[in-house]
Amino acid sequence: KAFGMIPGLHAVMAEAPGELAMTDFPLHDKDTAPEKSRPLLDNSLKAFGMIPGLHAVMAEAPGILEGYQQLHQLVLDSSFDNDEKTVVWQTINVENACHYCVPAHTGIAKMMDVSDDITNALRDETPLPSDKLEALRTFTLAVMRKHGNVSKEDLDAFYKAGYQHRQVLEVILVLSQKVMSNYVNHIAETPVDEPFKKFEWQKKQ
């Protein structure tokens, strides 16, 4: 199947115009990208109808773009449902204060039929509408803040909520993907793509 295909995303993003990055990191297209990145940008075009700014920046280093695309597909194929994927993605994005990924995943969540109650709770760092999703956010934050050195109590609470060893490992899978995107966006100051500007966000002080 096509890389990262999320229903509805292609049509929304296809109308987005190009934009210059705020730093000196180039926003590549298929004409300017290194040769090894060009088929990867084809993947982006097929999945999104445009080259997202994050992918345009990553194209400078073909390995990170390929790794990111592969991790994204693995996350889509994980055992998490769409609500749970959104919780882990956005928990990490918000904790890392990613100006690009929070708006992007707000739009993506809508296309994945995730409720606004979940999205708003994640963006605003307020309680989630279910105890299980709250446990998922809490465990994801524990993994991040403790750099993987979680306690027995952290694990027990996660298991009590209904998760298993597989989901522990899949939180780390999503975190691996998000380290790539969040860190690249911080350093490159990637501009928010036009379809997601209406979801712009700043972390609460």
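Me: Buried means under 20% relative accessible area, exposed means over 50%, and partly exposed is anything in between (1.4 Å probe, protein chains only). With that in hand, why is Glu125 called partly exposed?

Reply: Glu125 has 39% relative accessibility, which lies between the 20% and 50% cut-offs, so Glu125 counts as partly exposed. Before going on: this is a predicted model, where local features need pLDDT of at least 70 and side-chain atom pairs count only at pLDDT 80 or more, while totals for chains, interfaces and linings use all residues. Residues are numbered from 1 along each chain as its sequence is written, and side-chain values use heavy atoms, leaving out hydrogens and water.

Me: OK, and why does Asp113 count as exposed?

Reply: Asp113 comes out at 70% relative accessibility, over the 50% cut-off, so Asp113 is exposed.

Me: What makes the phi of Asp113 worth a look?

Reply: Most residues other than glycine have a negative phi. Asp113 isn't a glycine, yet its phi is positive, about 60°. You'll find Asp113 in the loop between helix H6 (101-111) and helix H7 (116-124). Glu125 also has a positive phi of about 60° without being a glycine, and sits in the loop between H7 and helix H8 (131-145).

Me: What makes something a helix here, and how many are there?

Reply: A helix is a DSSP run of H or I with at least four residues, a strand is a run of E with at least two, and both are numbered from the N terminus. The protein chain has 10 helices and 0 strands.

Me: How do you know that H4 reaches close to its expected span?

Reply: The expected span is 1.5 Å times one less than the number of residues. H4 (residues 62-76) has 15 residues; 21 Å is expected, and 21 Å is what it reaches from first C-alpha to last. Its buried residues, including Leu65, Tyr68 and Leu71, pack against helix H2 (38-48), helix H3 (53-58), helix H5 (82-95) and helix H10 (165-188).

Me: Why are H5 and H10 called oblique to each other?

Reply: Their axes (lines fitted to C-alpha atoms over the stretch in contact, with angles from 0 to 180 degrees between N-to-C directions) cross at roughly 40° and come within 10 Å. Under 35 degrees is roughly parallel, over 145 roughly antiparallel, 65 to 115 roughly perpendicular, and the rest oblique. Roughly 40° falls in the rest, so H5 and H10 are oblique.

Me: Which residues of H5 and H10 meet?

Reply: Contact means heavy atoms within 4.5 Å. Val88, Trp89, Ile92 and Asn93 in H5 meet Val174, Leu175, Gln177, Lys178 and Asn182 in H10.
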